Amino acid sequence: MYFIEDLPQIGTRYYGIVDQGTNIVEVRPTSLCPLNCAFCSVAAGPYEGRRWAEFVVKREALIESLSRVVKFKGGGVEVHIDGMGEPAVYPELVDLVQDISAIPGVKTISMQSRLFTLRERTLEELAEAGLSRVNLSLDAMNSEVARKLAGVDYYSAERARSLAEYALANTRMDVIVSPVWVPGLNDDEIPEIIKWASSAGLGKRWPPVLIQKYIPHKRGRSPRGVKPVGWGHFWRKLREWERQTGVKLDWRGENPFGIEERAPLPKPLAAGRRVKVRVIGRGIFRGEYLGVPVNTSGDPLLDRAITLLSERSLEPGVEVLARIIEDENNILLARAELVFL
Ligand code: SF4
């Protein structure tokens, strides 16, 4: 487990800040997750053997960098708390939300969560701290199906729904639900989730239901026997569920979340470039390491963390020459080519 403090907060998927050139800035406080979902795109959870490290960010370091990013983006920013894990298990979640809401230019704070680990009082504190919306990850109404999808027997979909309803009735925060449709595993559950969202009053300010398409990922978990559907099939299915429930599900061509294009953060390191990198320690997946360029500027907008791929085991503190092979959205993936001993 790594507690990230004096390292760049931009550049890796593991933790920190991800910018995709809009007014929505993603914040990733932890990669930890208590569930083991069968379809998890980031292969999180206690039973996953391909992971060999987890990350928790020190709140102060995250906030310092985030303040600079929000200023760069201008006003009207939504900060979305998410990551390669379950953000609700972050130990300083309420303080994190409080600190984010104090950053000038932040308009909305949202969080992707399964909620079931939280208490009612924590939801009240989160709302008081400034959390505007929870995007509830809930993939089944039926307890058995929900536990099977979550991959653990202690997950409770009832508890998650009860907390969502509590938040709606007792706080100013909104809750929407974002189930993943996994064809063959929860087809009959999705219309029931939509009906619940409608009757429980989800979506006070935003669309109540955002159905996600199951997409297998190279590093994710893929349930046996599940075949992903194409986009045409997906949208047809949504229209069928719209007719069945009377709830609007297809928001293409509209912009209910107020997403605006904004200048992306500068890209100081681009694909193809070779850079001398100091190894900090393991990355999340076996064979991956976290590194930082030997020469940094001290400017949180310009310094980057790097995910290193190496077939050879790399000790913390070792320096390597690495070639950057991916740089999309400033997420830097590099291959170690030469190790300096
Ligand atoms: S899908 Fe979300 S809740 Fe499920 S294991 Fe992955 S990170 Fe955890």
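In which handedness of crossing does helix 1 pass helix 2? The crossing is right-handed, meaning that the near helix is turned clockwise from the far one by less than a right angle.

First, the ground rules. This is a predicted model, where local features need pLDDT of at least 70, side-chain atom pairs count only at pLDDT 80 or more, and totals for chains, interfaces and linings use all residues. Residues are numbered from 1 along each chain as its sequence is written, and side-chain values use heavy atoms, without hydrogens and water.

Back to the helices. Helices here are DSSP runs of H or I, at least four residues, and strands are runs of E, at least two, numbered from the N terminus.

Who touches whom? Helix 1 brings Arg59, Leu62, Ile63 and Leu66. Helix 2 brings Asp95, Leu96, Asp99 and Ile100. Contact means heavy atoms within 4.5 Å.

Two strands pair if DSSP finds at least two bridges between them. Strand 11, residues 274-282, runs antiparallel to strand 12, residues 288-293, and five bridges join them. Val279 stands opposite Gly291 in strand 12.
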